[in-house]
Amino acid sequence: MSFTADSLAQSCGPVRFESIELRRVSIAMTEPFRISSGVVSTKDAILARVQEKSGAFGWGESSSMPGGFYSSETPDSCQAELAGKIAPAVCSREFANMAALERFLLDLNASRFSTVAIESAAWEMMARRRGVSLRDLLGVPDRRIASGLAVGLQDTVGALLQTLVKWNVWDYKRVKIKIKQGHDVALVTAVREMLPGFPLFVDANADYSIRHLDVFKELDRFGMLMFEQPFAGHDLEGLAELQRHVRTPVCIDESAESAAQVKRAIEMGACRIVNIKLQRVGGFLEALRIIEVCRQHGIPVWMGTMPELGIGSAHALALASHTQFAYPTDVEPSSRWYHDDLLTPAIELTSGCIKPPTAGYSVDPEKLERYTTWRETIG
Ligand SMILES: [Mg+2]
């Protein structure tokens, strides 16, 4: 890339939304998603469709998980924030460029899980105004994107192995399994036996601390790609201490809230890999800054997912073919998590990779109506 994130943001403008349409959509999941406060079987997301006077429009998705599984935000809180605070504040206001829009959104003191819907929609609108793809606007090359299977916590080791078979793990470029205290070494041992040599890693979603160093020393024997977020997001010192004791690279996810935080983590030795999620960092601009910080420090990154529905997934894919992305993405085919989705064509896996269509994905209007459970238009 010959531009920095900030010069790109300054060159894209002006930005003015004549209308913002918000919708909540609800789609049944193919399998229950196990979370700390229970189990969810439907995916709810808040969608934003922004439009300018020229007719150019863009879609964005706010896709937090319910129940505080990953963050304190929920679909209810993001819906309330987008409808009550963010959309009324930005609609019909003129921003000189994308940088000014971002500054305004930051000053609202709203959650990034909410503002991402507006930020990403605005980038899509800018791309449409210029008649280019979002990927081209962001300066990202057109490459096939390797995809990895991610599997949540299961009741037993047998159930985990069955899930890997059910989703045909061999169709993917790697697999990641969730672990938590008391459910770790035995799981990895069983998966390793089933898949010797297959690229594998674990995601602990911050369930451990340095008190569990011995667990990670044991896990270090399995030659895994990484340990994703072993300790709490704020515990960079603990993560750095862990990294000093294990060969397996530590990857941050929940810790990687901003480019400044990622820089701090890298400089402390708290990570050797970074998982980037558009939802967590509030959109493309901060994600591009994180990519730059990682490139400067020689740290590889990869594209994570909540998982989002189609619009959020398409946005993740627009960035995921960036050359700094060195590991397969968590974005999976549309049919993996959801019985249906809003995109046409659906996201498909071919030889372990996703190749977004040249003309891009679009939103199916009939499906959009079918899955909408709430809507509100501002402007
Ligand atoms: Mg994670």
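**Figure 1. Packing of helix H6 against helix H7 in the predicted model.** Helix H6 (residues 157-166) and helix H7 (residues 185-194) pack at an angle of about 40°, and their axes lie 10 Å apart. Axes are lines fitted to C-alpha atoms, for helices over the stretch in contact, and angles run from 0 to 180 degrees between N-to-C directions. H6 and H7 are therefore oblique to each other; angles under 35 degrees count as roughly parallel, over 145 as roughly antiparallel, 65 to 115 as roughly perpendicular and the rest as oblique. The crossing of the two helices is right-handed, that is, the near helix is turned clockwise from the far one by less than a right angle. H6 contributes Val-157, Leu-160, Leu-161 and Leu-164 to the contact, and H7 contributes Ala-186, Leu-187, Ala-190 and Met-194. By class, these residues are eight nonpolar, no polar and no charged. Nonpolar covers Ala, Val, Leu, Ile, Met, Phe, Trp, Tyr, Cys and Pro, charged covers Asp, Glu, Lys and Arg, and polar covers the others, Gly among them. Residues are in contact if their C-beta atoms, placed from the backbone, lie within 7 Å. Helices (H or I, at least four residues) and strands (E, at least two) are DSSP runs, numbered from the N terminus. Residues are numbered from 1 along each chain as its sequence is written. This is a predicted model, in which local features need pLDDT of at least 70 and side-chain atom pairs count only at pLDDT 80 or more, while totals for chains, interfaces and linings use all residues.

**Figure 2. Packing of helix H10 against helix H12.** Between helix H10 (residues 259-268) and helix H12 (residues 284-297) the packing angle is about 20°, with axes 8 Å apart. That angle makes H10 roughly parallel to H12. Their crossing is right-handed. On the H10 side the contact involves Ala-259, Val-262, Lys-263 and Ile-266, which meet Glu-286, Arg-289, Ile-290, Val-293, Cys-294 and His-297 in H12. The contact comprises six nonpolar, one polar and three charged residues.

Figure 3. An automatic or database domain assignment supplies the domain bounds, giving domain 1 (5-131) and domain 2 (145-364). Their centres, taken over C-alpha atoms, are separated by 23 Å. In the contact, 28 residues of domain 1 meet 27 residues of domain 2. Elements giving two or more residues to the domain 1 side include helix H1 (5-11), strand S2 (19-35) and helix H4 (112-130). That side divides into 16 nonpolar, six polar and six charged residues.

**Figure 4. Burial of helix H13.** Helix H13 (residues 310-320) is mostly covered, with eleven of its eleven residues buried. A residue is buried if 20 or more other C-beta atoms lie within 10 Å of its own, exposed if 12 or fewer, and partly exposed in between. Among the buried residues are Ile-311, His-315 and Leu-319.

**Figure 5. Backbone features in loops.** Most residues other than glycine have a negative phi, and most peptide bonds are trans. A cis peptide bond joins Thr-344 to Pro-345, with omega near -5°. Pro-345 lies in the loop between strand S14 (343-344) and strand S15 (353-354). Ser-351 is in the loop between S14 and S15, and its phi is positive, near 50°. Ser-351 counts as exposed, with 9 C-beta neighbours inside 10 Å. Gly-13 and Pro-14 are also joined by a cis peptide bond, with omega about -5°.

Definitions and conventions: Contact = placed C-beta atoms within 7 Å.
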